[in-house]
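Student: I am new to this structure and would like to go through it slowly, one question at a time. Could we look at it together?

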Amino acid sequence: MAIDTKEYLKYIKSQHCLICGGTPVDPDHLEAIGMGNNRNKQTPKDFSCIPLCREHHQDRHGMGIKRFNEHYRIDVWKEAFKLLRRYFIS
């Protein structure tokens, strides 16, 4: 059974920023998805996304995951799992 990651990305975009609660959000991929043509392909890495507003998305990329988690007192991997679980259970 193939799972449509585009629908999951739509779900992530419908959420609020995990840090400030703002909208709109970008799906921030916690696993690198690459550049160029690869960005248009569906990939299991799409399921390791979290919703972040543009400002916090840039912060996350600038700081890296470990520092971002410490600075904002969050575990982005745990949040990504919670979102994924909520998506499939709802």
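Student: Which residues of helix α1 (residues 5–13) are buried?

Tutor: Bear in mind that this is a predicted model. A residue counts as buried when its relative accessible area is under 20%, and in the chain as a whole such residues make up 36% of the 90 residues. In α1, the buried residues are T5, Y8, L9, Y11 and I12.

Student: Which elements are included in what covers the buried residues of α1?

Tutor: The chain has four helices and two strands, and along the sequence they follow the pattern α-β-β-α-α-α. The cover over the buried residues of α1 includes β1 (26–29), β2 (49–52) and α4 (76–89).

Student: How is the packing of helix α2 (residues 54–63) against helix α3 (residues 65–72) described, roughly parallel or oblique?

Tutor: The axes of α2 and α3 are 6 Å apart, and the angle between the two helices is about 125 degrees. Angles over 145 degrees would count as roughly antiparallel and those from 65 to 115 as roughly perpendicular. The angle here therefore makes α2, relative to α3, oblique.

Notes: Residues are numbered from 1 along each chain as its sequence is written. This is a predicted model: local features need pLDDT of at least 70, side-chain atom pairs count only at pLDDT 80 or more; totals for chains, interfaces and linings use all residues. Side-chain values use heavy atoms; hydrogens and water are left out. Axes are lines fitted to C-alpha atoms, for helices over the stretch in contact, and angles run from 0 to 180 degrees between N-to-C directions. Angles under 35 degrees count as roughly parallel, over 145 as roughly antiparallel, 65 to 115 as roughly perpendicular and the rest as oblique. Buried means under 20% relative accessible area, exposed over 50%, partly exposed in between (1.4 Å probe, protein chains only). Contact means heavy atoms within 4.5 Å.
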